[in-house]
Amino acid sequence: MLTTRFVDGAPSWIDVGTPDIEGTASFYGALFGWAFRSAGPDAGGYGFFELAGRIVAGGMPVAPEQGSPAWTVYFQSPDADATTRAARQAGGSVPMPPVDVMEQGRAAVLADHAGASFGIWQPAGRAGVEAAGEAGALCWVELHTPDVARAAAFYRTALGWETSAVRFPGGVYTSLNPAGTGEEAMFGGMVPPADEPAGAEAGRPCWLPYFGVEDTDAVVARAVELGGAVRMPATSLAGVGRLARLEDPYGARFAVLRGDPRQT
């Protein structure tokens, strides 16, 4: 499960791009209890979602021509430029080359060989989010990709990840951890694209963030009341917990989870 003891290769930041930052803030505020705070007049509309005064995510307005509404997961890198080069050499692309973010760090947005977008964060003034692995905060990340073995090879080259096979009733799950850290540092997994309702994004390779919740069913019901959609109903998995995949009113996908993915 994720913590704020960030190490290279692990998720350290997350943000959502949306056509309506005020509406998005209202949705997640009602769903998770987040409050939105602007990063200032020079931040281009970027701001922070806070839970009990701690930053759990970022958010920014995105025009339709800039891309579809989506969450982006950022992984820590000691050198954003070197990681970008490694990703390109492994067959990925670079939608946003590395750029300095004030004095906070250096960021880039990359895409893997299958087109799944992800971010890189080289910390300076800001290490990352201030809460993780608890209710209302990022607790797990999952790559939906058509070729798990090829994806594992790509991220091993670009970010140095290690993978392991975790057996559970019904199949095998490919889990992820930073190089040299062992299974105790698992932060996510890789799976084939989910069988979901039809739509423009159905089956598209993507990174899906999971947020911790105390009551999965209640959060799913509340998300629907607030204008969100259910991509996968609340489901219990032995040794994992109870999870659901959702979509906010603007189309950004995310999941919720009650339980520890490492639990056996």
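Contact here means heavy atoms within 4.5 Å of each other. Everything below comes from a predicted model, where local features need pLDDT of at least 70, side-chain atom pairs count only at pLDDT 80 or more, and totals for chains, interfaces and linings use all residues. Residues are numbered from 1 along each chain as its sequence is written, and side-chain values use heavy atoms, with hydrogens and water left out.

**Exercise 1.** Work out which residues of H2 and H3 meet, and how the two helices are arranged.

*Solution.* 
- Start with the contacts: Thr-83, Ala-86 and Ala-87 on the H2 side meet Phe-154, Thr-157, Ala-158 and Leu-159 on the H3 side.
- Sort them by class: five are nonpolar, two polar and none charged. (Ala, Val, Leu, Ile, Met, Phe, Trp, Tyr, Cys and Pro count as nonpolar, Asp, Glu, Lys and Arg as charged, and the others, Gly among them, as polar.)
- Now the geometry: H2 spans residues 80-89 and H3 residues 148-159, and they pack at about 150° with axes 8 Å apart. Helices are DSSP runs of H or I with at least four residues, strands are E runs of at least two, and both are numbered from the N terminus. Axes are lines fitted to C-alpha atoms, for helices over the stretch in contact, with angles from 0 to 180 degrees between N-to-C directions.
- Read off the result: H2 and H3 are therefore roughly antiparallel (over 145 degrees).

**Exercise 2.** Describe the aromatic pair of Phe-75 and Trp-161.

*Solution.* 
- Apply the pairing rule: rings of Phe, Tyr and Trp (its six-membered ring) pair if their centres lie within 6.5 Å; planes under 30 degrees apart are stacked, over 60 edge-to-face, and the rest tilted. The rule gives a count of 30 aromatic pairs.
- Check this pair: Phe-75 and Trp-161 sit 5.0 Å centre to centre with 70° between the planes, which is edge-to-face.
- Look at burial: both Phe-75 and Trp-161 are buried (under 20% relative accessible area, 1.4 Å probe, protein chains only).

**Exercise 3.** Is Glu-50 buried or exposed, and what does Glu-50 touch?

*Solution.* 
- Locate Glu-50: strand S3, residues 47-51.
- Its relative accessibility is 15%, so Glu-50 counts as buried.
- Not counting residues up to four places away in sequence, Glu-50 touches Gly-33, Trp-34, Ala-35, Arg-37 and Ile-55.

Terms used:
Parallel < 35°, antiparallel > 145°, perpendicular 65-115°, else oblique. Buried < 20%, exposed > 50% of the residue type's maximum accessible area, 1.4 Å probe, protein only.
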